[in-house]
Structure formats: C-alpha cells, structure tokens
Number of protein chains: 2
Amino acid sequence: MSLDRIRLASLHNKVISAEEAAKFIKDGMTVGMSGFTRAGEAKAVPLALVEQAKNNPLKITLITGASLGNDLDKKLTETGVLARRLPFQVDNTLRKAINKGEVMFIDQHLSETVEQMRNGQLKKTELAIIEAVAITEDGGIIPTTSVGNSASFVEFADQVIVEINTNLSPAFEGLHDIYIPPMRPTRGAIPLTEVDQRIGTSAIKVDPSKIVGIVINSELHDSPSTVTEPDDETQGIADHLIAFFEKEVSEGRLPRSLGPLQAGIGSIANAVLTGLKDSNFENLIMYSEVLQDCTFELIDAGKMIFASGSSITLSEKYGEKVFGNIEAYKDKLVLRPQEISNHPELVRRLGIIGINTALEFDIYGNVNSTHVCGTKMMNGIGGSGDFARNAHMAIFVTKSIAKGGDISSIVPFASHIDHAEHDVDVLVTEQGLADLRGLAPRERARAIIDNCAHPMYRDALNDYFTRACEKGGQTPHILREALSWHSNFEEQGKMLVEAK
Amino acid sequence: MSLDRIRLASLHNKVISAEEAAKFIKDGMTVGMSGFTRAGEAKAVPLALVEQAKNNPLKITLITGASLGNDLDKKLTETGVLARRLPFQVDNTLRKAINKGEVMFIDQHLSETVEQMRNGQLKKTELAIIEAVAITEDGGIIPTTSVGNSASFVEFADQVIVEINTNLSPAFEGLHDIYIPPMRPTRGAIPLTEVDQRIGTSAIKVDPSKIVGIVINSELHDSPSTVTEPDDETQGIADHLIAFFEKEVSEGRLPRSLGPLQAGIGSIANAVLTGLKDSNFENLIMYSEVLQDCTFELIDAGKMIFASGSSITLSEKYGEKVFGNIEAYKDKLVLRPQEISNHPELVRRLGIIGINTALEFDIYGNVNSTHVCGTKMMNGIGGSGDFARNAHMAIFVTKSIAKGGDISSIVPFASHIDHAEHDVDVLVTEQGLADLRGLAPRERARAIIDNCAHPMYRDALNDYFTRACEKGGQTPHILREALSWHSNFEEQGKMLVEAK
C-alpha cells in the first residue's frame with residue numbers, strides 16, 4: 001500500500017478496495033470517468049463494477065474523455081451496465097450493441113461534452129472516477145497518461161473516487177496543465193497563445209471532502225496502442241502530403257516549421273507523421289488531442305520540439321521507452337483537458353493543420369468519418385470536427401479502396417456526412433492529393449476524381465459526374481443513383497455491379 | 001460635389017466619375033467589394049462596370065461580404081462579368097447561372113473568407129471598392145450600413161476605390177468598430193469579452209496612396225429588405241421557441257436576458273425575434289451578423305439594450321426611421337467586420353443562441369441550408385455554420401411543409417448536409433419543437449417526427465423509421481429509399497406518390 005502517493009494525510013483513511021469503491025455506483029447514475037484514447041482510464045473500479053453487475057444488474061450513463069482500454073467497454077456492455085455512452089468509443093462489442101440500438105450512443109465533438117454539462121444542457125456527472133499518479137498536499141489530483149474531461153467531471157460531481165496507479169512514475173507530476181474556462185457570461189479569453197504555454201495548474205483541484213474513496217492499483221496498465229505498421233498505401237499518403245507541404249513552404253504559404261500539427265488517432269495519421277521524420281521540415285510542433293508513437297519518433301529524431309495533447313497512447317515498445325523515462329520528455333510535452341486541446345478558440349488562433357482519417361468522402365469533398373454504409377457506427381467523430389471547422393487547413397486522409405477493392409472510399413454521395421465540403425481543404429489517398437481550396441463544387445469533383453480515386457473506380461465516378469452535370473446544379477447529383485453504390489455493397493458485397 | 005466628406009484634402013484631386021473608376025477593373029481581376037446582406041455595397045462603380053462590359057466584355061472574381069442590393073448580381077451576371085463569386089448571394093439570375101455551372105460559386109462560412117486570403121489560401125483582392133460616408137483627416141474610410149469584409153479587402157488590395165454615399169448622414173461615423181486579427185503565428189486572443197465592447201477603430205485604416213479614385217454617389221440607396229410579414233406559421237414557430245426559452249429560464253439553464261442572440265436573415269428568423277417583443281424576457285442583446293427590422297422593434301420597445309452586427313438591412317419603413325435618425329440608436333449599436341461578428345472564438349466565448357433557417361432537415365437532425373433537392377443552390381450557407389458549430393445553442397427553424405404540401409421539410413435523409421447532427425440542438429416548425437440535446441440518433445428521430453413533422457407526412461416518416469430500425473445501426477436508414485422523396489418530387493412534383 002503506497003500511502004506516500006497520498007500526500008494529504010487526512011485522506012489516508014479513504015483508501016478502500018476497488019470492490020468497495022464500485023458500490024458507490026448506483027443504478028441510473030451518470031458517471032464521469034477518466035480515460036482518453038485508451039490512456040489513463042480508471043481500471044480497477046470499473047472492473048470491480050463488472051463483477052458486481054453480474055449479480056446485481058444496474059444501468060448507468062458512462063461519460064469519458066474518449067475511448068477506454070482494458071476491454072472496459074466490452075465488459076461493461078456484456079454485463080449490460082451501459083444504458084448511455086458518450087462521447088466516443090472504439091470497442092467492437094459496444095459498437096455492436098450501439099448498432100442494435102441497445103446502448104444509446106451520443107457521438108459528440110470532444111471539446112463540447114463538458115461545455116454542455118457546465119451549461120446544464122447535458123446531465124452533470126454525479127460520480128467521478130479518476131486515475132491519478134498521486135494526490136497532492138492540498139488534495140489535488142495528478143492525472144496519469146491522459147487528462148480528457150477529468151477536471152470538469154471532478155468539478156461537477158458530488159462524489160469523487162481516485163484510483164492511484166502506482167505502476168506509473170510520480171514524475172508524471174508537472175506534465176499536465178489544468179485550465180477550465182469560467183462560466184459565462186463573464187468568461188474571458190483563454191490566455192493560451194503559444195503551443196508550449198502553460199495557463200493552469202499541474203493538479204486537478206478538488207474539495208477533499210468530495211473524495212469518497214481512494215483505490216490503489218498496482219497491477220493494471222494502459223492497454224498498448226493497436227496502431228499497425230505503415231504499409232505501401234499509408235506511405236504513399238505520407239509522400240503526397242509531404243510533397244504538398246514542401247510546395248506550400250516553397251510558395252510562402254507555410255513556414256518551414258509548418259505550424260501546429262494535429263493528427264487523429266490511427267495507423268494512417270501515424271504513418272503520415274512518421275513520414276515527416278525524413279523530411280526537410282524543422283522545429284515541428286504539435287497541438288493535438290492524442291500523442292502517438294509518431295510524436296515521440298519525431299521528438300527523438302530532433303524534428304519535433306514540442307507537443308501538446310490530451311493523452312499519450314503508445315505501442316508496447318514506445319510505452320516502455322517513454323513512460324519509463326518520462327522525465328526526459330517532460331520539457332517537450334504538456335497534457336491538457338480535451339476542452340482546451342480541441343477548443344475552437346485555440347484551433348483558430350493557433351492555425352492548426354489538422355490531419356484526420358476519413359471513412360469515405362464524396363466527389364464534392366463531403367466527409368464521412370463515422371458510419372459504415374451510412375448506418376453502422378464505427379467509432380465516433382472524436383475531435384475531427386473540432387479541428388476541421390476551425391483549422392488553418394483541414395486535411396482528410398484515407399486509402400482509396402477497402403475490402404480488396406469491393407469498396408471505393410470515394411463515392412458519388414457520402415452515405416453519412418460529418419464534415420461538409422465547407423470544412424474540407426485537402427483530401428489525400430495513396431493515389432494522390434486534391435487541393436480543394438478556393439474551388440467550386442464542380443471543380444472539386446474534377447480534382448477529387450482525378451487525384452484521389454482508385455483507377456478501378458475512376459470511370460464510374462466520371463460517368464456519374466458527367467451525367468449529373470447534364471442535370472445541372474451547384475452540386476450536381478442523380479438522386480436515384482446517389483447512394484446506389486452503398487446499397488449494392490449491402491446487397492451484393494461490392495459497390496459496382498454489372499447490370500444497373 | 002461634397003468635398004467636405006473627404007477630410008484629407010490631399011485626396012480631393014482623386015475624385016473621379018463612376019465610369020472612370022470602373023476602368024480600374026481589368027479582365028481576370030480579383031475584386032473585393034463592400035456589401036453585406038444588401039447593405040452598404042458600392043453602387044455607382046459596379047453599375048458603371050455593367051455598362052462598360054456591354055461593349056468591352058471582361059470576367060472577374062467578385063468577392064463581397066455577403067449578398068448585394070441594387071440588382072448588382074443580376075446585372076453583373078447578365079453582362080457576363082462574373083467568372084467566380086464568393087462567399088454568398090441571393091440573386092435569382094445569378095442563382096440560375098450558378099446552377100448551370102456558368103459562374104463558379106464558392107459557398108463559404110462568412111468568417112473564413114478573409115482568413116483564407118490572409119494566409120494565401122485564397123487569392124487576395126487586387127482592387128477594393130468600398131462604400132463610405134466619409135474619409136477622415138488621415139485617410140480612414142468610414143463605412144456605411146455594413147462592414148462585411150471591407151477592412152481586409154482594403155488591407156490586401158493594391159488599389160482602393162472609395163464610393164462616398166452622401167445620402168447617408170455623416171453621423172454614421174462612430175457606429176463601426178474595425179478590428180482585424182493579426183497574422184499568425186503571433187496572434188493573440190481577440191480582446192472582446194462583452195457584446196457591447198469596442199476593440200478597434202471607427203474607420204478602416206488605409207495608406208492614402210492606395211486610393212486611386214473617389215466616387216461621389218448622391219443618388220443610389222441600399223435596396224430595402226424583402227422580408228415578408230409574419231404569418232400563422234412563422235408566428236407558430238415563434239410561439240414554440242418562446243415557450244422553450246421560458247422553460248429554459250424557469251429551469252435555470254438560461255438567464256432572463258437569455259444570452260446573446262443571433263438570427264439569420266429572412267422572414268422566419270425576423271418573425272421569431274419580433275415575437276420576443278411580447279415576451280417576459282428583459283435586457284435582450286444581439287451578437288449577430290445582420291440586424292433586421294426586428295432588432296429595432298425590440299430596441300424601440302425597450303426589450304433590447306444592445307445589438308452587435310456586421311450590417312443593418314431594413315424595410316423601407318424602418319430604413320427611414322433608423323437611417324434618418326442614426327444618432328438616436330448609436331449608443332445601442334455596433335457594426336463589426338464579419339470575421340469578428342461570426343468568429344468561432346467569440347461565438348463560443350459569448351455563448352451565442354443561434355437561430356437560423358433550414359431548407360430541410362432529416363429525421364436525425366442533419367440540416368440542409370443551401371441546396372434544393374440536394375443539387376440546386378439557393379443562397380449559400382452564410383454565417384449559419386460559423387454560429388451553429390460554436391454556439392451555446394444551435395436552433396434551426398423552418399415551416400414543416402412547402403409548395404402547398406407537396407414538399408415536406410422533414411425528410412428521411414437530407415439531400416444535402418450543411419450542418420451535421422452534432423451541431424444541431426433544437427429544431428422548430430409551426431408544428432412544434434424538438435429538443436435534441438443529449439439524445440442519440442434514434443431518440444432524435446422520435447422527437448423530430450413527433451414534434452416537427454407535418455401530420456400529413458408523419459405516418460410515412462414513422463414507416464420509414466420503423467423499417468430502418470429493423471435493419472439496425474446507430475443511424476438507421478434504408479439507402480435505396482433514403483433520397484426517394486426528393487426523386488419523387490423531381491419526377492412527379494410531390495414527395496409522396498401512391499405506389500412505391
């Protein structure tokens with residue numbers, strides 16, 4: 001039992017078991033839990049809840065920063081604990097329950113959840129469960145590998161459970177910068193004007209009397225990232241994007257340090273950033289939500305000088321290197337609440353270059369980030385909308401085909417639209433890059449079909465576009481056909497079929 | 001000739017005729033012109049250009065704040081002057097040319113045009129043509145009934161033409177607050193924290209040597225607003241929204257002054273705001289883009305204490321009253337650049353309640369603001385996206401049916417999506433109001449069909465939704481049918497036809 005991690009002695013008697021802590025979670029409650037992109041979630045308490053729920057069923061609304069590791073969403077779904085879930089998830093079992101309508105999933109811009117709670121538009125969290133490396137002398141909670149929505153959950157909740165993860169070094173203290181915007185109408189500007197600036201405190205402030213239990217976890221770790229290695233396609237996407245950045249620099253539209261980079265979670269964005277290692281760009285900085293392996297590859301290579309995020313999600317290899325040696329990285333890193341990492345005010349002010357993954361996009365540049373064939377939720381919009389709407393440049397990347405070519409990622413009409421064409425500046429596939437800035441929809445279609453579509457789909461897209469233009473319109477379409485590629489896939493397993 | 005309006009004497013010799021001024025406009029040029037929602041556009045020079053173009057054809061890119069009055073877009077289209085047009089328009093002749101693909105129309109968030117120009121992402125204006133009430137002693141340009149993008153056009157352009165409108169009182173001076181965000185990466189916070197705060201200058205700064213011509217217009221006026229009187233449906237929408245606001249106030253989620261209001265241009269939004277005159281709310285304020293009759297009705301009634309906008313667009317009746325007596329209103333008004341009136345940083349900070357008109361929305365709350373049957377441009381997205389994404393509350397209003405009932409404004413699948421469901425909090429028709437906050441898509445559908453759809457379409461929407469739910473998904477759809485209502489309308493003139 002590591003009571004030295006609880007530096008406010010009056011809290012020592014609050015140490016309880018995970019099983020005791022889980023009993024604070026009642027049927028119908030709204031629970032706010034730490035955890036963002038499989039990083040820094042409370043672990044022991046939700047696992048104890050899963051065990052208890054097997055005998056004493058209950059249903060809760062679970063709100064986190066983003067996705068959870070340790071198969072928590074899977075286990076909570078299997079035991080029927082989740083009535084409502086927000087604002088993001090990546091779990092296969094939960095996904096199935098969502099798509100059956102068994103769990104109500106509220107898919108949100110990640111900067112907005114606690115803003116809506118603050119304003120009473122979402123029900124406030126009654127109980128907060130927060131992973132920490134330590135509790136300070138005045139009761140402050142030092143988060144671990146993510147900040148997410150934890151600080152606001154603690155502020156709103158009547159009861160707080162702290163789960164201390166003794167696997168992580170106390171040296172995490174000082175990594176975080178906790179700033180919460182004040183209530184309106186007397187809210188001032190967020191004082192952050194530089195990516196490496198600190199505007200808050202290193203701990204989450206809490207009235208110690210709200211802490212109802214402290215659980216010590218010395219066994220459970222963050223789940224390693226599942227990001228796969230770059231392949232020919234992701235390397236191709238990276239190459240196109242780097243060539244584009246070179247052009248922007250040479251034509252004076254970007255500095256050689258590019259500007260603050262944001263990259264969504266996933267293998268493609270990771271490969272793109274890793275590709276910058278061998279580029280001519282210098283003094284790179286990130287202002288992103290999740291910091292993946294690529295961030296540390298770039299820092300280690302001397303290419304990146306600072307990275308701001310809301311979480312660190314690493315592979316096993318990088319996890320050992322970084323988390324085992326966090327002191328060495330601390331002056332180049334800061335973790336912020338996701339409201340701040342993704343805040344529209346800051347995204348616009350700082351001039352973020354946002355790189356996010358699309359599931360599909362249409363010939364006019366409308367992007368689907370979330371729904372397979374327009375209906376089935378994959379993960380959620382995450383921060384992509386926070387960044388794309390307000391960024392200096394909104395870039396979306398995807399492979400041009402999927403399922404061995406049965407699916408084209410470029411379609412006549414996106415089957416679900418998360419990002420309207422107004423918010424999409426650049427599209428990249430392994431085939432090439434479409435720079436859509438300043439183009440009207442018909443011009444966008446030409447650029448997208450010619451540069452991004454896979455050759456096996458180009459004729460069919462051109463045929464659709466040509467016939468649609470004959471009908472006319474700012475955004476020409478043949479509505480009877482617009483979604484037929486998706487219907488074909490649902491019915492026959494491929495988007496293009498012989499006879500119409 | 002009113003040289004007293006040109007207070008910098010060294011500019012007196014720059015006075016030229018509109019015909020001479022129009023000769024500065026060359027084939028292929030990018031021209032930035034004042035004008036926002038039919039307010040404050042240069043008038044004499046573009047009309048002279050129209051005349052000249054009849055004999056000497058030329059093509060330009062015309063960028064304004066928003067829409068123009070005096071049939072300028074119509075006449076410029078008819079004479080073939082417009083190659084490209086952005087970021088907004090409302091003219092029937094131009095609309096037809098856009099939909100034929102004859103004019104490339106770039107439909108943009110109104111806060112973004114000059115930001116993209118500043119960063120070299122859009123071509124900068126070479127020539128600026130700006131309506132003014134006066135030029136100050138140091139050459140500053142005092143705008144008239146709108147600010148729009150004028151200040152940035154003047155900054156970017158090599159040549160500036162000022163068109164002085166002597167029909168308007170010199171007392172307009174002091175109405176405007178000109179603030180332009182500095183270039184990145186050293187951009188600070190925008191220092192505005194209160195709706196009635198002034199953070200800039202009363203005139204547009206310009207190096208007087210850039211002024212190549214000054215035209216005196218003593219004949220042409222702003223075109224009056226075309227807003228129609230409230231009818232039963234718009235009154236119904238207003239009543240539902242006011243009842244909702246009452247509930248928000250009584251439950252402590254809004255103050256009795258509601259918060260800064262934004263209302264899109266048009267009859268419905270105007271009717272809704274006018275409805276507030278007979279409500280119990282007090283000390284109302286606006287932070288909007290266009291100030292219409294309703295703003296002044298509320299000010300005159302003592303209900304509204306301050307209004308910030310980028311333009312004033314009034315009916316003939318209100319125009320005489322307000323513009324003839326601007327001194328009386330000046331302490332309750334400010335006009336800002338549209339980049340500031342619509343800026344995401346400020347929209348989020350101030351907590352705007354945004355009320356905008358939808359063309360249609362689907363059962364999940366995705367909103368089409370722009371495209372008739374998904375293809376034909378109506379006006380443009382305008383500021384609705386600037387507000388909806390970042391607002392405290394994004395409200396969209398529309399009548400539940402159109403064309404005598406042949407069209408339902410509530411459809412299975414929006415034929416074009418400008419605002420994804422993530423950005424839509426409340427939907428209102430004359431039938432009722434759907435409060436979508438915190439709801440998952442299936443719950444949103446229930447709320448929208450039950451509250452907003454016209455009874456004549458409710459069964460068909462329920463039938464679609466029920467069958468779609470049987471297929472499953474987070475956002476259930478039957479893709480073969482999803483757009484069939486629109487196809488039916490295109491082919492048979494009504495959305496619902498007897499046999500499937």
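Colleague: Why are H15(A) and H16(A) called roughly antiparallel to each other?

Modeller: In this predicted model, the axes of helix H15 (residues 441-452) of chain A and helix H16 (residues 455-471) of chain A cross at roughly 165 degrees and come within 10 Å. Angles over 145 degrees count as roughly antiparallel, and H15(A) and H16(A) are therefore given that description. The crossing in which H15(A) passes H16(A) is left-handed.

Colleague: Which residues make the contact of H15(A) with H16(A), and how do they divide into nonpolar, polar and charged?

Modeller: From H15(A) the contact takes A:Arg442, A:Ala445, A:Arg446, A:Ile449 and A:Asp450, and from H16(A) it takes A:Arg458, A:Leu461, A:Asn462, A:Phe465 and A:Cys469. Five of these residues are nonpolar, one is polar and four are charged.

Colleague: Why are H7(A) and H8(A) called oblique to each other?

Modeller: Helix H7 (residues 232-250) of chain A and helix H8 (residues 267-275) of chain A have axes 8 Å apart and pack at an angle of about 50 degrees. Roughly parallel would need an angle under 35 degrees, and roughly perpendicular one from 65 to 115, so H7(A) and H8(A) are oblique to each other. H7(A) passes H8(A) in a right-handed crossing.

Colleague: Which residues of H7(A) and H8(A) meet?

Modeller: A:Thr234, A:Ile237, A:Ala238, A:Leu241 and A:Ile242 in H7(A) meet A:Ile268, A:Ala271, A:Val272 and A:Gly275 in H8(A). Seven residues of this contact are nonpolar, two are polar and none is charged; Gly counts among the polar residues in this division.

Colleague: How many residues of chain A and chain B are in contact, and what area is buried between the two chains?

Modeller: In chain A, 78 residues are in contact with 79 residues of chain B. The area buried between chain A and chain B is about 6,700 Å², and carbon and sulfur atoms give 46% of that area. On the chain A side, A:Arg348, A:Arg389 and A:His422 lose the most area to chain B, together 13% of what that side buries.

Colleague: What makes the meeting of B:Glu115 and A:Arg348 a salt bridge?

Modeller: The side chains of B:Glu115 and A:Arg348 meet at 3.0 Å, N to O, and the rule asks for a side-chain nitrogen of Lys or Arg within 4 Å of a carboxyl oxygen of Asp or Glu. The count of salt bridges between chain A and chain B is ten, while over all chains the count by this rule comes to 70.

Colleague: Why can A:Glu282 and A:Lys303 be said to tie together parts that are apart in sequence?

Modeller: The side chains of A:Glu282 and A:Lys303 meet in a salt bridge at 3.6 Å, N to O. A:Glu282 lies in the loop between H8 and strand S11 (284-287) of chain A, and A:Lys303 in the loop between helix H9 (293-300) and strand S13 (304-309) of chain A, so the pair ties together parts that are 21 residues apart in sequence.

Colleague: Which value goes with calling the peptide bond from A:Leu86 to A:Pro87 cis, and where is A:Pro87 placed?

Modeller: The bond from A:Leu86 to A:Pro87 has omega near 0 degrees and is cis, and A:Pro87 is in the loop between strand S3 (82-86) and helix H4 (92-99) of chain A. In chain B, the peptide bond from B:Arg184 to B:Pro185 is cis, with omega near 5 degrees. B:Pro185 is found in the loop between strand S8 (159-165) and strand S9 (211-217) of chain B.

Note on methods: Residues numbered from 1 in each chain as written. Chains lettered and ligands numbered in written order. Predicted model: local features only at pLDDT ≥ 70, side-chain atom pairs only at ≥ 80, totals over all residues. Heavy atoms only, no water. Axes fitted to C-alpha atoms, helices over the stretch in contact; angles between N-to-C directions. Helix = DSSP H or I, 4+ residues; strand = E, 2+ residues; numbered from the N terminus. Left-handed = near helix turned anticlockwise from the far one by under 90°. Contact = heavy atoms within 4.5 Å. Buried area = accessible area lost by both parts, 1.4 Å probe.
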